[in-house]
Amino acid sequence: MSTSARKLRVGIVGGGFMGQVHGRSALVSGATVVGAVGSSPAKAAAAAEATGAERGFATLDELLAADVDVVHVCTPNNTHREVTLKALEAGKHVVCEKPLATSVQDAGGLQAAAADAGLVGAVPFVYRYHPMVRELRTRIAAGEAGVITSLHGSYLQDWLAGADDQNWRVDDTTGGPSRTFADIGSHWCDLTEFVTGDRIAAISAQLRTVRAQRGGVDVRTEDLATAQFRTEAGVVGTIVVSQVAAGRKNRLYLEVSGTESSFGFDQEDPDRLWVGHRAGSQLLTRDPETLGPDAARVNRLPAGHAQGYQDAFDSFVADSYAAVLGETPDGLPDFAAGARSARVVDAVLRSAANDSSWITVDNS
């Protein structure tokens, strides 16, 4: 086993956008990207170029036979289970894109498989790695909100707003039974539970498909979803998620309302945290000189230099590699987080299919 993150050797399965993101973070973390696998043997070289890998491998089996410590799974959702299981069986640690799997059973199976093998499994719920998110988490844990009264927010995008917009995620055979909630609602729910330390206990949801056809093919996955929920502590909340909200590119917003203070975090403005008081409100700006220790740990740039999504991803991958090397970094989203997310998504789907009835989320 490697003795430093710089010596870790990784392989990446998938050369698309997410494969490129993972590849950049692996290189920034000091690892060697040994190889990459494309969507076909003919695309092996292109996958290697896209991810910064030393070479392309024609098949997953060839990559797994190579000297690699960690495999990054950046393939369509319906392949996550098969690819991840093969990697675990080959003795490789795994960083798997979310959703970890397209069913509760498969996600739980992957969690168990990684645990049984004694291998690290991580899922990139990377918004946990914005310094101001960590600052928010620290302040809530310190009781600055007082009694938390409500949780609300949204995750809005517009990349599928057009009638002709298309992507493999739209197809439920490759993307899974949920699209918008599994893709971005999962991020919002994970972030909310992470910063509050309080889990969603029951949920009532509704789904809507705005574009019933795309490219002449019937669409069976949702374009948007809304839900109300309550937490284990009895806090009530609401969420709206959409991939057809014109003008919104990647706007995840979370507001935590409390009797003493309220807090608002906007992923499109991640260097600031809104803090509301009855006597007045303020904007806290990311500054390593004033951040708490947890936030400072994931801070990468001086104040005034914008720190964003790729920086958060870099910190997540660095923590994943630290776990591979035997450390226990705080807040690393592991396969348990991926399985937890699958249970929340499943509850949303079951509620929407049953006239928005309240569904208890499995919090085992």
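Predicted model: local features only at pLDDT ≥ 70, side-chain atom pairs only at ≥ 80, totals over all residues.
Tutor: A residue is buried under 20% relative accessible area, exposed over 50% and partly exposed in between (1.4 Å probe, protein chains only). Side-chain values rest on heavy atoms, without hydrogens and water.

Student: How many of the 16 residues of H10 are buried?

Tutor: Helices (H or I, at least four residues) and strands (E, at least two) are DSSP runs numbered from the N terminus. H10 is mostly covered. Of its 16 residues, the number buried is 13.

Student: How far apart are the end C-alpha atoms of H10?

Tutor: Helix H10 covers residues 309–324. The expected span is 1.5 Å times one less than the number of residues, and for H10 this should be 22 Å.

Student: Which residue with a positive phi follows H10?

Tutor: The phi in question is near 100 degrees. The residue that follows H10 with this positive value is Gly-326.

Student: Which strands stand at the edges of the sheet?

Tutor: The open sheet has nine strands with mixed pairing, in the order E16-E15-E14-E13-E7-E12-E11-E8-E17. Two strands pair if DSSP finds at least two bridges between them. Each edge strand has a single partner, so one side of each is left without a neighbour in the sheet; these strands are E16 (280–285) and E17 (359–360).

Note on methods. Residues numbered from 1 in each chain as written.
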